[in-house]
Amino acid sequence: MIALRGISHSFGADVVLDTVDLDLDQGRVTVLTGPNGCGKTTLSRFLLGLAVPDAGEVRGLEGRRRAAVFQENRLCEQLSAVGNVRLVLHRSVPSSAVAAELRRAGLTDTCLTKPVRDLSGGQRRRVAIVRAVMAEADLLVLDEPFTGLDTLGKVQVMTWVRERCAGRTTLLITHDLAEARWFGARVVTLARA
Ligand SMILES: Nc1ncnc2c1ncn2[C@@H]1O[C@H](COP(=O)(O)OP(=O)(O)OP(=O)(O)O)[C@@H](O)[C@H]1O
């Protein structure tokens, strides 16, 4: 079980998190929601090992691999969609397999090989999602991953993510509770400290 216990954190005088507990169900999607600025991304950074809380404990993550979709795409601009995804995969995974998954997430052939700096916002978002989901990770953190996708595209990408996340421990941060229902997720609401 991955768990956060008694997490407190401040930025200067701004107390953002005050003794927060969060359990992530093994092999399931947990949705974390709550008002802007209540500390969802900050909490996820502790799970990812990108920051350390002022107080409290992160349990169950020793030696575990983690992957994330951040609110920003964090792509390598000069690489193609296939090149970006291959960065996180073993070199034995062929480009054709990566291209097939990118197509299933709605990218057309013309999007697969040009530098991602030449793709649209929604296309770039799909690359970031596919890269995180294809990475071999024990914990997947998705921070508002479907922002910027058109209505049909969102259904297509969510269908692909749901299939690929089956049986995986996943934290999905979102303001859209329809997404929680889609993933059959337990919902945790974080209040402002
Ligand atoms: N590096 C930082 N330095 C100072 N303050 C920060 C820093 N990172 C976050 N904060 C503050 O911490 C609070 C929580 O931010 P966080 O991004 O965790 O919220 P959130 O719940 O993810 O919000 P949103 O729903 O808008 O994405 C905000 O008030 C933010 O301004």
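User: What is the strand order in the open sheet of five strands, and is the pairing parallel or antiparallel?
Analyst: Keep in mind that this is a predicted model. The order is E5-E6-E7-E3-E8, and the pairing is parallel.

User: Which strands stand at the edges there?
Analyst: Strand E5 (66-69) and strand E8 (186-189). Each has a single partner strand, so one side of each lacks a neighbour in the sheet.

User: How much are neighbouring strands of this sheet turned against each other?
Analyst: By 20° on average, with direction ignored.

User: Back to E5. How many bridges join E5 to E6?
Analyst: Four, and the two strands run parallel. E6 covers residues 139-143.

User: Which residue stands opposite Arg66?
Analyst: Leu139, in E6.

User: Now the other sheet. What is the order of its three strands?
Analyst: E2-E1-E4. This sheet is open as well, and its pairing is antiparallel.

User: And which strands are its edges?
Analyst: Strand E2 (14-24) and strand E4 (55-59). Each pairs with a single strand, so one side of each is left open in the sheet. Neighbouring strands here are turned by 20° against each other on average, direction ignored.

User: What joins E1 to E2?
Analyst: Seven bridges, running antiparallel. E1 spans residues 2-11. Ser10 stands opposite Val15 in E2. Leu4 has Leu22 of E2 as its bridge partner.

User: How many residues lie between E1 and E2 in the hairpin?
Analyst: Two. Gly12 sits in that turn, with a positive phi of about 60°.

User: Switching to the ligand. Which residues surround the ligand?
Analyst: Phe11, Val16, Gly34, Asn36, Gly37, Cys38, Gly39, Lys40, Thr41 and Thr42.

User: How does the shell divide into nonpolar, polar and charged?
Analyst: Three nonpolar, six polar and one charged.

User: Last thing. What does UniProt list for residues 2-193?
Analyst: The record gives "domain: ABC transporter" for that range, and the entry is unreviewed.

User: How much helix and strand is there over residues 2-193?
Analyst: The chain is 33% helix and 26% strand over that range. The end C-alpha atoms are 22 Å apart.

Key. Residues numbered from 1 in each chain as written. Predicted model: local features only at pLDDT ≥ 70, side-chain atom pairs only at ≥ 80, totals over all residues. Pairing = 2+ DSSP bridges. Axes fitted to C-alpha atoms, helices over the stretch in contact; angles between N-to-C directions. Near = placed C-beta within 6 Å. Nonpolar A, V, L, I, M, F, W, Y, C, P; charged D, E, K, R; others polar. UniProt positions renumbered as here; feature names shortened; annotations may be inferred.
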